[in-house]
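Let's take a walk through this structure together. Have the sequence and the 3D view at hand as you read.

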Amino acid sequence: QVQLVESGGALVQPGGSLRLSCTAAGRLFRFYAMGWYRQVPGKQRELVAAISSGGNTRYKESVQGRFTISRDNAKNLVYLQMNSLKPEDTAVYYCNGDPAWGYWGQGTQVTVSS
């Protein structure tokens, strides 16, 4: 299994910004499409951003224009730049393959609140 480790979550005020990072260990990382997912208590985990092996991106409509997913294949890293954060963005954020693999990392908590 490829290890997935997310970091960068924090408590921020509405309108603030964060950059999340994910390291996905594995020799074949560069060949996989990757995504950022989020989950709030009582709701299903959902895909919010995805990036192909070649760098093509797609986003959940509610984050389009505010979030940017990127990757550094040489470093086995995936990033999520989150701008203009809203309280409804509060969730635990996870990275994974797109489509998701059969396991998850620990996630990183993002809380947007005054």
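## Where β1 meets β3

Strands β1 and β3 run antiparallel and are joined by four bridges. Strands here are DSSP E runs of at least two residues, numbered from the N terminus, and two strands pair if DSSP finds at least two bridges between them. In this pairing, S7 sits opposite S21 of β3.

## About the model

This is a predicted model, in which local features need pLDDT of at least 70 and side-chain atom pairs count only at pLDDT 80 or more, while totals for chains, interfaces and linings use all residues. Residues are numbered from 1 along each chain as its sequence is written, and side-chain values use heavy atoms, with hydrogens and water left out.

## The chain as a whole

The chain has 10 strands and zero helices. Its radius of gyration (taken over C-alpha atoms) is 13 Å, which agrees with the value near 13 Å for a compact globule of 114 residues; the globule rule is 2.2 Å times the number of residues to the power 0.38. Along the principal axes, the C-alpha atoms fill a box of roughly 40 × 25 × 20 Å.

Of the 114 residues, 39% are buried. Counting contacts (heavy atoms within 4.5 Å) between residues at least 6 apart in sequence, 53% join residues at least 24 apart.

## A six-stranded sheet

Six strands make an open sheet of mixed pairing, in the order β2-β10-β9-β4-β5-β6. β2 (11–12) and β6 (57–59) are at the edges with a single partner strand each, so one side of each has no neighbour in the sheet.

Within this sheet, β4 (residues 34–39) and β5 (residues 46–51) run antiparallel and are joined by five bridges. Here R38 stands opposite E46 in β5.

## The nonpolar core

The largest nonpolar core has 26 residues, and W36, I69, L80, M82 and Y93 have the most contacts inside it. Such a core is a set of buried Ala, Val, Leu, Ile, Met, Phe, Trp, Tyr and Cys residues joined through side-chain atoms within 4.5 Å. Two or more residues come from each of β3 (18–24), β4, β5, β7 (67–72), β8 (77–82), β9 and β10 (108–112). β3 gives the most, with four residues.

Leaving out residues up to four places away in sequence, Y93 touches partners including L20, W36, V48, F67, L80, M82 and V110.

Y94 lies in β9 and counts as buried at 11% relative accessibility. Y94 and R38 are 56 residues apart in sequence, yet their C-alpha atoms are 6.0 Å apart in space. Beyond its neighbours within four places in sequence, Y94 is in contact with E6, W36, R45 and W104, among others.

What about N96? This residue also belongs to β9 (residues 91–97), and its 0% relative accessibility makes it buried. The N96 side chain reaches the backbone nitrogen of W101 at 3.0 Å. Not counting residues up to four places away, the residues that N96 touches include L4, M34, W101 and Y103.

Key:
Buried means under 20% relative accessible area, exposed over 50%, partly exposed in between (1.4 Å probe, protein chains only). A polar contact is a pair of N or O atoms within 3.5 Å; within protein, one must be able to donate a hydrogen and the other to accept it, and residues adjacent in sequence count only if both atoms are side-chain atoms.
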